[in-house]
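User: I would like to go through a structure with you, starting with the packing of its helices. Could you take my questions one at a time?

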Amino acid sequence: MSATKGLEGVVATTSSVSSIIDGVLRYNGYNIDDLAEHASFEEVVFLLWNNRLPTEKELTSLKKELAENAKIPQAIIDQFKSYAIDEVHPMAALRTATSTLALFDSEADDSSEEANRRKAIRLQAQLPTIVTAFARVRAGKEPIEPRNDLGFAANFLYMLNGEEPDDISIDAFNKALVLHADHELNASTFTSRVCVATLSDIYSGVTAAIGALKGPLHGGANEQVMKMLADIGEEQYVDEYIQNALDNKVKIMGFGHRVYKNGDPRAKHLREMSKQLTQITGEKKWYDMSVRIEEIVTEQKGLLPNVDFYSASVYHSLGIDHDIFTPIFAVSRVSGWIAHILEQYENNRLIRPRAEYVGPADQKYVPINER
Ligand SMILES: CC(=O)SCCNC(=O)CCNC(=O)[C@H](O)C(C)(C)COP(=O)(O)OP(=O)(O)OC[C@H]1O[C@@H](n2cnc3c(N)ncnc32)[C@H](O)[C@@H]1OP(=O)(O)O
Ligand SMILES: O=C([O-])CC(=O)C(=O)O
């Protein structure tokens with residue numbers, strides 16, 4: 001019995017939610033390039049949960065349900081006000097608040113398919129409200145209630161900033177949400193499936209997934225990319241900074257991928273969005289610096305940007321605080337986690353691999369006073 005470090009290349013389940021085949025990402029058979037161009041995030045949510053695109057009527061009904069279920073318990077906002085909020089990472093707050101949601105849900109432990117579908121809607125609707133409420137409370141402002149007449153992407157920006165976003169921001173944010181919604185058996189999705197395969201509840205699965213997404217080798221990388229760009233500051237310092245990092249074997253955040261070796265198909269969309277948005281804000285330097293970093297890292301390490309690299313300058317251009325980048329990833333990816341959780345319940349078996357033991361063998365117990 002020998003271990004595969006990091007489970008690389010191990011096929012751990014079947015799934016019809018999304019696929020990565022020959023470097024092409026598809027949600028239930030739909031190429032991500034097509035969806036990024038044409039779909040609203042709500043359409044993608046429907047697709048992931050139902051294995052088909054919605055009719056107009058179904059889409060209207062999903063949008064209505066999401067808007068109607070977006071309010072969060074006041075206790076969560078009070079909880080935010082009760083701790084040293086400046087010292088708390090928003091992903092930690094989101095993780096705790098998501099777990100807290102279960103305590104206010106009388107159906108939390110109802111494992112029927114109907115109850116799980118209702119909880120799915122509530123989670124998808126409430127995560128944006130949690131993230132934006134946290135950001136506002138931290139800034140000394142009151143949270144803003146979601147509006148029934150705005151779509152998912154617009155509502156997020158509205159609840160964050162307190163003003164109706166323009167069409168360019170809505171389109172860019174919608175596209176980012178579409179691109180982040182699902183990604184086969186990534187670390188956080190696998191975490192959610194492992195959790196619910198014990199027949200634990202959907203809130204536990206999503207809370208566990210948020211914990212896994214937080215790490216900088218996964219979703220947490222987008223915040224680290226922006227930190228790197230801000231540390232570098234100006235294009236003229238890029239070469240020295242990156243060379244120094246590579247010479248010291250420091251990983252460049254936003255590069256490399258466990259599955260894609262010829263490039264992440266989502267990155268080109270975000271790269272283009274970064275170019276357009278930084279031009280609009282008059283801060284094209286973030287895009288230019290990113291392009292130069294890509295040139296160096298690709299040339300020297302053969303590594304290509306992943307989804308997190310250009311999303312950093314996209315979110316920055318939308319005026320979003322850097323530590324809210326990963327929570328935004330969660331706001332989108334919860335759609336994929338839920339799809340996988342529901343799929344896991346449908347055809348469940350406990351997930352319990354083995355470990356190759358490498359510790360000492362046959363030790364004799366020594367009484368404590370003899371050690
Ligand atoms: C949404 C997402 O989760 S996308 C990924 C987000 N994460 C990041 O951007 C963090 C930076 N990237 C990485 O750490 C890695 O590329 C991962 C974790 C994404 C994938 O890693 P793995 O497939 O496990 O590759 P692993 O970490 O083993 O690296 C293999 C080699 O490439 C190097 N390498 C991989 N990524 C990078 C990087 N970003 N910068 C510099 N070197 C890198 C490693 O140092 C290692 O080199 P070595 O063989 O000389 O020791
Ligand atoms: O699939 C992965 O390993 C990470 C990733 O790109 C994602 O979760 O979007």
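**Helix packing, domains and ligands**

Analyst: The axes of H7 and H8 come within 8 Å and cross at roughly 110 degrees. Please note that this is a predicted model.

User: How are H7 and H8 oriented to each other, roughly parallel or roughly perpendicular?

Analyst: Angles from 65 to 115 degrees count as roughly perpendicular, and H7 and H8 are therefore roughly perpendicular to each other. Their crossing is right-handed.

User: Which residues make that contact?

Analyst: H7 contributes Ala153, Ala154, Phe156 and Leu157, while H8 contributes Ser169, Ile170, Phe173, Asn174 and Leu177. By class, the contact of H7 with H8 has 7 nonpolar and 2 polar residues, with no charged ones.

User: What about H6 and H7, at what angle do they cross?

Analyst: Helix H6, residues 113-138, and helix H7, residues 152-161, cross at roughly 20 degrees, and their axes come within 8 Å. H6 and H7 are therefore roughly parallel to each other. The crossing in which H6 passes H7 is right-handed.

User: And which residues make the contact there?

Analyst: On H6 they are Pro128, Thr129, Thr132 and Ala135, and on H7 they are Asn155, Phe156, Met159 and Leu160. This contact of H6 with H7 divides into 5 nonpolar and 3 polar residues, and no charged residue takes part.

User: Moving on to H5 and H10: where do they lie in the chain, and at what angle do they cross?

Analyst: Helix H5 covers residues 90-103 and helix H10 covers residues 202-213; their axes come within 9 Å and cross at roughly 175 degrees. That crossing angle makes H5 roughly antiparallel to H10.

User: Which residues meet in that pair?

Analyst: From H5, Met91, Leu94, Arg95, Thr98, Ser99, Leu101 and Ala102 meet Tyr203, Val206, Thr207, Ile210 and Gly211 of H10. The contact of H5 with H10 has 7 nonpolar, 4 polar and 1 charged residues.

User: Changing topic, what domains does the assignment give?

Analyst: The domain assignment gives domain 1 as 16-215 + 324-346 and domain 2 as 221-317. The C-alpha centres of domain 1 and domain 2 lie 26 Å apart.

User: How many residues does each domain put into the contact?

Analyst: The contact takes 17 residues from domain 1 and 19 residues from domain 2.

User: Which elements supply the domain 1 side?

Analyst: Strand E2 (24-27), helix H1 (32-38), helix H8 (167-180) and helix H16 (325-346) each supply at least two residues of the side that touches domain 2. The largest share of that side, 6 residues, comes from H8. By class, the side of domain 1 that touches domain 2 has 12 nonpolar, 3 polar and 2 charged residues.

User: Now the ligands. Which residues come nearest to ligand 1?

Analyst: There are 18 residues around ligand 1, and of these Ala221, Lys251, Phe255, Gly256 and Arg258 come nearest. The shell around ligand 1 divides into 7 nonpolar, 7 polar and 4 charged residues.

User: And which residues are around ligand 2?

Analyst: The residues around ligand 2 are His183, Asn186, Arg258, Val259, Asn306 and Val307. By class, the shell around ligand 2 divides into 2 nonpolar, 3 polar and 1 charged. Arg258 is listed around ligand 2, and Arg258 is also one of the residues that come nearest to ligand 1.

How values were computed. Residues numbered from 1 in each chain as written. Chains lettered and ligands numbered in written order. Predicted model: local features only at pLDDT ≥ 70, side-chain atom pairs only at ≥ 80, totals over all residues. Axes fitted to C-alpha atoms, helices over the stretch in contact; angles between N-to-C directions. Helix = DSSP H or I, 4+ residues; strand = E, 2+ residues; numbered from the N terminus. Parallel < 35°, antiparallel > 145°, perpendicular 65-115°, else oblique. Left-handed = near helix turned anticlockwise from the far one by under 90°. Contact = placed C-beta atoms within 7 Å. Nonpolar A, V, L, I, M, F, W, Y, C, P; charged D, E, K, R; others polar. Domains from an automatic or database assignment. Near = placed C-beta within 6 Å.
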